[in-house]
Amino acid sequence: MHPSATSARPARSRAARWLRRGGRALAALVVVLTAGFAVGWAATPGVGDAEQRVAERLAEHGGTPLAAEVPPRIAAALLATEDSRFHAHPGIDWRGALRAPLELVTGRDQGGSTIHQQLARVVYEDGATDVPAKVRAVVLAVKVDRAWSDEEILRMYLDAVYFGHGFHGVRAAAEGYFGRAPDELDWAQATVLVGLVQAPSGYDPFVHPERAAARQSHVLGRLVAMGALERAEADDVAARPWGLVGGG
């Protein structure tokens, strides 16, 4: 027998052992995660009152809910930037979920939260971002997906989000920054507004116009990547004035 053949056998054997061990470890992880999710499902509340909670939160801050469907430009910019698989996942996105263990190790937010998770944290966890709150938000996100339509989830999210300067909800923000109703915003205004979701103070267009422009550029880049805008259209939008009203 050729020496290379004998040396290849131990290598194949080691590879097979590693595959078996990896398979067993993966199976064990699935069991643990499934059991944990079941416990979390029982420990977290139902979400049938989500719309009522959002309305109460908005009323507490003097906001006004969206009266019609979610404006298409705002919806497109929001989903492209915050949750591009919104219509496909069941409330949690596996790509974001894979980053969760890294958060536990580093203590830093790795991103990847879906619209559903963000809504759950705002409405049921009062915006908390500690690990237990994030874990509960994962379970609540799946409940939200099962209980509400995509349109209802988007509307609740936009009514619940804080946009800075005391503007709670997208209607107050659109009127406060641009003097327009949400469905009247052009692409330039819609992309600046959506950019505020991540950090209302950091991307404040009144106080930090350069940062707001940089964030708007990111939002436009995501719209191009998702096919909602052509690159030339995005460049044209980036050059347009925002039409801010007042000075903050």
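This is a predicted model: local features need pLDDT of at least 70, side-chain atom pairs count only at pLDDT 80 or more; totals for chains, interfaces and linings use all residues.
Residues are numbered from 1 along each chain as its sequence is written, and side-chain values use heavy atoms, with hydrogens and water left out.

The side chain of Glu-175 meets that of Arg-171 in a salt bridge, at 3.6 Å from N to O; the term asks for a side-chain nitrogen of Lys or Arg within 4 Å of a carboxyl oxygen of Asp or Glu. Both residues belong to helix α9, four residues apart, about one turn of the helix. Helices here are DSSP runs (H or I, at least four residues), as are strands (E, at least two), and they are numbered from the N terminus. Arg-171 is partly exposed too, with a relative accessible area of 27%.

## The buried side of α9

Let us turn to the residues of α9 that are hidden from solvent. Helix α9 spans residues 170-178, and its buried residues are Val-170, Ala-173, Ala-174, Gly-176, Tyr-177 and Phe-178. Their cover includes α3 (72-82), α8 (150-160) and α10 (187-195). After α9 comes Gly-179, which has a positive phi, near 70°.

## Aromatic rings

A pair of aromatic rings is described by the distance of the centres and the angle of the planes. Over the whole structure, a search finds three aromatic pairs. In the pair formed by Tyr-177 and Phe-178, the ring centres are 6.2 Å apart and the planes stand at 50°, so this pair is tilted. For reference, rings of Phe, Tyr and Trp (its six-membered ring) pair if their centres lie within 6.5 Å, and planes under 30 degrees apart count as stacked, over 60 as edge-to-face and the rest as tilted.

Tyr-177 is buried at 0% relative accessibility, and Phe-178 is buried at 4%. Together with Phe-167 and Phe-206, Tyr-177 and Phe-178 form one aromatic cluster.

## How α9 packs on α10

Two packed helices are described by the angle between their axes and the distance between the axes. For α9 and α10 the angle is about 120° and the axes are 11 Å apart. The axes are lines fitted to C-alpha atoms, for helices over the stretch in contact, and angles run from 0 to 180 degrees between N-to-C directions. The two helices are therefore oblique to each other, given that angles under 35 degrees count as roughly parallel, over 145 as roughly antiparallel, 65 to 115 as roughly perpendicular and the rest as oblique.

On the α9 side, the contact (heavy atoms within 4.5 Å) is made by Val-170, Ala-173, Ala-174, Tyr-177 and Phe-178, and on the α10 side by Gln-189, Val-192 and Leu-193. Gln-189 of α10 is buried, with a relative accessible area of 3%. Leaving aside residues up to four places away in sequence, Gln-189 touches Phe-178, Arg-180, Glu-184, Trp-242 and Gly-243.

## Salt bridges elsewhere

Side chains of opposite charge can pair when their charged atoms come close. Nine salt bridges turn up in a search of the whole structure. One of them joins Glu-125 to Arg-136, with the closest N and O atoms 2.7 Å apart. This pair links distant parts of the chain, 11 residues apart: Glu-125 sits in the loop between α6 (115-124) and α7 (131-147), and Arg-136 in helix α7. Glu-125 is buried at 15% relative accessible area, whereas Arg-136 is partly exposed at 34%.

Another salt bridge brings together the side chains of Arg-231 and Asp-235, at 3.3 Å from N to O. Both lie in helix α12 (residues 231-238), four residues apart, about one turn of the helix. Arg-231 is partly exposed at 42%, and Asp-235 is partly exposed at 44%.

## Positive phi in two loops

Most residues other than glycine have a negative phi, and most peptide bonds are trans. Asp-126 has a positive phi, near 55°, and is not a glycine. Asp-126 lies in the loop between α6 and α7 and is exposed, with a relative accessible area of 67%.

His-165, also not a glycine, has a positive phi of about 55°. His-165 lies in the loop between α8 and α9 and is partly exposed at 32% relative accessible area.

Key: Buried means under 20% relative accessible area, exposed over 50%, partly exposed in between (1.4 Å probe, protein chains only).
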